Amino acid sequence: MLIFECPYCGVKAEETELHAGGEAHLTRHGAGASDDDLKSYLFMRKNPKGVHFERWQHANGCGKWFHAARCTMTLEVFGTYSAQTFEPPAELVKKIKKKRPDWEGWT
Amino acid sequence: MSNRIDGMGRLLNRDTPVSFTFNGKTLSGYQGDTLASALLANDQMLMGRSFKYHRARGVVASGAEEPNALVNMGEGARFEPNQRVTTTELFDGLTAKSQNHWPNLNFDVGVINNYVSKFLPAGFYYKTFMFPRFAWKHVFEPIVRHSAGLGKPPTEADTDRYEHFYAFVDVLIVGGGIAGVQAALAAGQSGAKVLLVEQTAHWGGRAVVDGAIIDGKPAEEWLIETLQTLENMDNVTIRTRIMGAGVYDHGYALGYERITDHAPETNAPRHRLWRIRAKQIITATGAIERPLSFAGNDIPGVMLASAVRDYLVNWGIAVGQRTVVVTNNDDGYRTAIALKQAGLEVPAVIDVREQVQSNLAKQARALGIEIREGRAIASVKGGKRVTGVGVSIMQGTGGAQEEIKCDCVAMSGGWSPVVHLWSHCGGKLNWIEEHAHFAPDPKRPPLGDEGQGFVITAGIASGAMETGTVLQNADAAGKSAAKAAGFASKRTRVAKADDVATQVMLPAWILPTNALPELRAKMWLDFQNDVKVSDIQLAAREGYESVEHTKRYTTLGMATDQGKLSNINGLAVLSDALGQEIPQTGTTTFRPPYTPISMGAIAGEARGEIFQPLRQTPIHQWHVGHNAYMEPVGLWHRPYCYPRGEETHQEAVTREVNNTRQKLGLLDASTLGKLIVKGPDAGKFLDMLYTNMMSNLKPGRCRYGLMCSENGFLVDDGVVARIDEDTFLCHTTSGGAERIHGWMEEWLQTEWWDWQVYVANVTEQFAQVAVVGPNARKVLEKLGGMDVSKDALSFMGWADGILGGFDVRVYRISFSGELSYEIAVPASQGRAFWDALHAAGAEFGAMAYGTEALHIMRAEKGFIMIGDETDGTIIPQDLGLNWAISKKKDDFLGKRAQQRSHMASKDRWQLVGLETLDGSVLPDGAYALAEGENANGQRNTQGRVTSTYHSPTLFRGIAMGLVLHGPDRMGEVIEFGNIDGTTISAKIVDPVFYDKEGIKQNV
Amino acid sequence: MRRYSAFAVAREALRYNKGWGRAWRAPQPKKHYDVVIVGAGGHGLATAYYLGKNFGITNVAILEKGWLGGGNTGRNTTIIRSNYLQDPSAAIYEKARGLYETMSQDLNMNVMFSPRGVMMLAQTQHEIRGFQRTAQANAFQGVKTEFISAQRVKQLVPIMNVDGPRYPVLGALWQERAGTARHDAVAWAYARACSDMGMDIIQKCEVTAVNQSGGQVTGVETTRGAISCKKLAILVAGNSGDLARMAGFRLPMESVALQALVSEPIKPCLDVVVMANTVHGYISQSDKGEFVIGGGTDMYNNYTQRGSFHHIEETVRALVETFPMISRMKMMRQWGGIVDVTGDRSPIISKTPLGNCFINGGWGTGGFKSIPGSGWGMAELVAKGEHGPLTAEFGLDRFNEGRFIDESVAAGVAH
């Protein structure tokens, strides 16, 4: 029963308030994309054992989408941040790196 | 006969006798009894039968770890199987029946399994019952099933209530022994919000039974004072009868409260499931005594030493008159001493250790108890009750036994901390050699949402074995939990108690050490599931070396007690058989719940009508009042049809279709999704969402649109109305409103966040009524207030105005092919408007119609239905909807996906109409057959039916379907298969069966 | 191999079972095998078995990082059915079901396949149409199913409330020859048979790297040393992503938790398997008497083998509604398994970008029921290097082509 702090409304949101939206920071490949790019965009997922950047929606709360960095092995949440961004905040990346020195880093 | 001892029984209220029945016999006990103690008081030692061999079984423990004594309890709607007598508080009128036997407890035919038990070792069923092949299902499995199982199934619906309860605390403490109480005090004094729960009805745990001295006074006194202090603290809540059932991720815990189990006539919910969110959780869950493995250790009368002591001290019961104590540690002596002091006989303490010189042993000797050192029980005499034990030397094979007569054996194999809650979420364990048990490793706790440890153990649950250490440890736990939850701990005093010096235990996993095979085959590890030492050894020999393999092969620890008594002993025997250390073998995974919890409590209040949220339109009550047959559509209930008198559903639907086509039909279309999309970029946004162009729609006009997923598949459709330059109103399907609203938000928030668009879901703000049929305009004109003529409001137009005094928005759209207006009014006026339409429409033949008539009319007209023509694998191109796919737009969701080879293929099945040659109705979902079979031997097909109805308008079956190259094969007759092997011939036709020219809707 | 029989059990009983040897050998890994299979779950072991039985390839090692059968093979709700809608699914699940029917005899170990019948309840008009369509499809796929009435449902399952106020039962899709089997025994039976053919099952042996040369696989590095091989087959379910990374390719796959629970055992009262997709829950009664109950999956990536309690609540709520008597029974144990789900929720049985390296995974919630069929088809793919008809549609290429095998069409959430 996970909890995340919604970066918009500041609420520590229960999993039952949230809707999981899968891997974050995917690049949309629309018209004109190659078959491979389209496949990557639609289906290929990192599915890491460890740090995962992902999307959540505070569906039964403020309704906003946000991003989270979470460990899929321990379920630790390293932080949440705005969904209106192309990459995680540098300080969050730094924080994770400190906690998980073996982590390959944000790519 | 009573086994009560006068003057003993600290939990009993002897002034209040309680009457109950066991197997039909009326017995009596006292308030404060458990069912177990009351049965023992009535000398009812035999309480059940084991799972596999149907051996006679008595109670072995006094608490939640009890594996044997499970009963069928209650009657009728309150019947419940597998109730553990040790955790069932006695109440007046309780009825209990023993289980897993036939015809009765004393004489059980199933015991034949016991006599042939030699032939039924672990996993025998994997090696047998294979021939003939069908015999497993028809012969062997039924026998196994009827022999297995424990209690009887309940037969009636439960009439009790259950509820859920939320609690948010800084520190949750599970366990109300002295450790939990001390931890609560320490945490509470820091100011943290504390919840302390105890699974039984009583505080104090073992310390009060064993007469510990705390702060120079009896533990009981200290307890009462400390509980009073806690009661007086506003930030501390203490509750009994709540079991910590499970610990889940991020500080979530379940509390299982049994509110009225002990008082079923109380007007209150039976169970309450506490959903607790705690910053820190302290598990002060105590420890469980282990049995010892010796031949015949399952015979009724063989009990845990601590349980014998509990029954004596708490309930004033002499389980036996002559009790032999067998032990591998000092704690067993406490039982011997307590019994002796109560005036009962203790012919011997059999201690597997050589030369026992501890304080407790000395105390026992001083009382005149004989201690047999370096000895073991090699056999237990008796069948349904112990009559004696055979004693041999520990370091032997079990020969040369000396018999000691007794009617009770109290065994003590050492104590294992209760680590379940610690382990549920990944807390790790260390093997502690000194005590031969697994204890929590405080360095590797379960991790919370920020990676912090969130569970701390206190007292004996940490492995602290003596009173003084327990209190110190619990105080520290309380303080660290409070600190971790953000509360500075105060320097408060810890209660003091002296630790008793003990002599180290001897981990003795089999008695005697070199017991012969015939003895090992009678040493029970898992009492309920009948797993013996020999079974574990067999599993090891056969290569089931992983502890999980052994567990699964032998069923060790898989019974309702989940191995609380058997796990460590089983692990030890397995490790020994494999020649490896116990930590190397490891444990099986601890899973919630700690003890079984009722399904009723898990389900909570949500049952019957409110099992799920129910959505009703403003007109719902009218439907109910008019005998509507309702169908669930998502969480909505919609009228399927309105049968009148003796009408069948089909007759009602036919009437509704005919009336709508000929006169005037009214449909409650309020469930239709209504989304407002507004902003300077609204048109651009909708151009991305819909396959067709929306940005060039003129205010005042409507357009039918399709939405696809990024994967190209058609997901929703509906009519879009442009309200003004910046504003659109998008209709979605009834089931799609929330989904599509979410979909829009997702794109706006996560991809096109710089676009200036807002979306609002106004589905429930408006009631919507479809006014349909040749008389539709007449009724609106009668209501009056706005011009609804063809010129003023043409097909696919909309207008705001007033009708019959109601503020309305009228859309001139049609899903039936008739002259049709869909009219939205504020939800609060929906019912009044509906009534006004009926009143005004009476003279024009107004009649409500339901969803089935709606479906038939749309099918007659060849309109697709999301969910019928589509199923998540269909693209618009399959449905002949190319006209609704813009060629002008660079991009829209799904466009690129639809260009992939399989989607662009000319060989996709495409939408056509289907007419059976004989006029019959094609079966739902029927497939069009093609020649031959595929490589997997499956019949080739070339299409399928997507919608099929009897058309009351055309007096024949009509259908829509997807057919290979269908649109190019008009007029061709193809064969549809039926499940019974017959086929039905149908002609491929245009999917529009009714009014192809659109004359009727466009008047 | 010591044959199992009632006679053998009796003979051994008389000498305290001293004569029973290991069900499977515990060999040291050799330096080289023709085929290395990663993953000794049901799928890996079945693949090995059919490699030997159908293709005579027995120089095979099956590597397992934990204990054999310890993944989803031992964590599922043991349902076996083949009433799938799409042709490729129906073919492979029906192949599996057929092999389950004779598995006990074929492998000489009783896996307790119990063809007690599986029903999928229709509780909306939409479900009625969906299941009627499935029954139609099945009729021409060689899968015997029928759509039965609510009355028939009640006859088959007297403890069911078919007249609930919210979702009354309107009928059901019924597959009489579907059922359950003893999940652990399936892995053990295959392991024993593989070992008997001379294959090496190597437990506690984790693959740490995949070796390749010139685009072809050459072997693996493991915690028990390097092992070379001509062909590599990866059948590791939730760990597919890890192995794929080692082999240098990516997969359209994610790992999520699926939860299940069992009640305390009671005497028999539920003789068939019931699945209710509208309310999300499925249930059967084991031979031991426990209700085995499965529910939904979490929507987030998870490798912890535990899930969120609200799914348990939803499932139990649905079942209390459908089987009111369950309210007074108790949940004895809940657990989670990690299921690997693909972009179209159907499995991948495929060649990979790495030559002679094959993958089989993404079974989602359908893994157990498919084991023999999956192994049969995978063995053919590994042995021949090309798909047979059974697996032809399950290749990775379908994600490029937009050629999906989507079962959610008919089945809702649960498999």
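How many residues of chain B are in contact with chain A? The count is 22 residues of chain B against 22 residues of chain A, where contact means that the C-beta atoms of two residues, placed from the backbone, lie within 7 Å.

## About the model

This is a predicted model, in which local features need pLDDT of at least 70 and side-chain atom pairs count only at pLDDT 80 or more, while totals for chains, interfaces and linings use all residues. Residues are numbered from 1 along each chain as its sequence is written, and chains are lettered from A and ligands numbered from 1 in the order in which they are written.

## Where chain B meets chain A

Let us stay with that first interface for a moment. Helix α22 (residues 737–750) of chain B supplies the largest share of the side of chain B that touches chain A, with four residues. Helices (H or I, at least four residues) and strands (E, at least two) are DSSP runs, numbered from the N terminus.

By class, this side of chain B holds five nonpolar, five polar and 12 charged residues. Here Ala, Val, Leu, Ile, Met, Phe, Trp, Tyr, Cys and Pro count as nonpolar, Asp, Glu, Lys and Arg as charged, and the others, Gly among them, as polar.

## Where chain C meets chain B

Between chains C and B, 83 residues of chain C are in contact with 90 residues of chain B. The elements of chain C that give two or more residues to this side include α1 (6–13), α7 (183–196) and α9 (309–322), and the largest share, nine residues, comes from α5(C). The side of chain C that touches chain B divides into 42 nonpolar, 21 polar and 20 charged residues.

Strand pairing also crosses between these chains: strand β31 (residues 597–598) of chain B runs antiparallel to β16(C), joined by two bridges. Two strands pair if DSSP finds at least two bridges between them. Within this pairing, Ser598(B) sits opposite Lys330(C).

## The two domains of chain C

Chain C is divided into domain 1 (30–82 + 84–108 + 183–252 + 344–411) and domain 2 (118–180 + 255–342), with bounds that come from an automatic or database domain assignment. The centres of the two domains, taken over C-alpha atoms, are separated by 27 Å. Their contact takes 32 residues from domain 1 of chain C and 30 residues from domain 2 of chain C.

On the domain 1 side, β3 (79–80), α3, α8 (240–247) and α12 of chain C each give two or more residues, and α3(C) gives the largest share, five residues. That side has 12 nonpolar, 13 polar and seven charged residues.

## A parallel sheet in chain B

Back in chain B, five strands form an open, parallel sheet in the order β17-β24-β18-β19-β20. Strands β17 (302–304) and β20 (371–373) of chain B are at the edges with a single partner strand each, so one side of each has no neighbour in the sheet. From one strand to the next, the twist averages 20°.

Five bridges join β18 (residues 322–327) to β24 (residues 408–412) in chain B, and Thr327(B) stands opposite Ser412(B). Helix α9 (residues 331–341) of chain B lies across β18, β19 (345–351) and β24 of chain B, at about 170° to β19(B); axes are lines fitted to C-alpha atoms, for helices over the stretch in contact, and angles run from 0 to 180 degrees between N-to-C directions.

Four bridges join β34(B) to β40(B), antiparallel, with Leu666(B) opposite Val771(B). Seven bridges join β40(B) to β43 (residues 820–826) of chain B, also running antiparallel, and there Val771(B) has Tyr821(B) as its bridge partner.

Helix α20 (residues 649–662) of chain B packs its buried residues against β33 (636–641), β34 (664–668), β40 (766–772), β44 (846–848) and α25 (851–860) of chain B. Among those buried residues are Ala652(B), Val653(B) and Glu656(B).

Technical notes. Buried ≥ 20, exposed ≤ 12 C-beta atoms within 10 Å, placed from the backbone.
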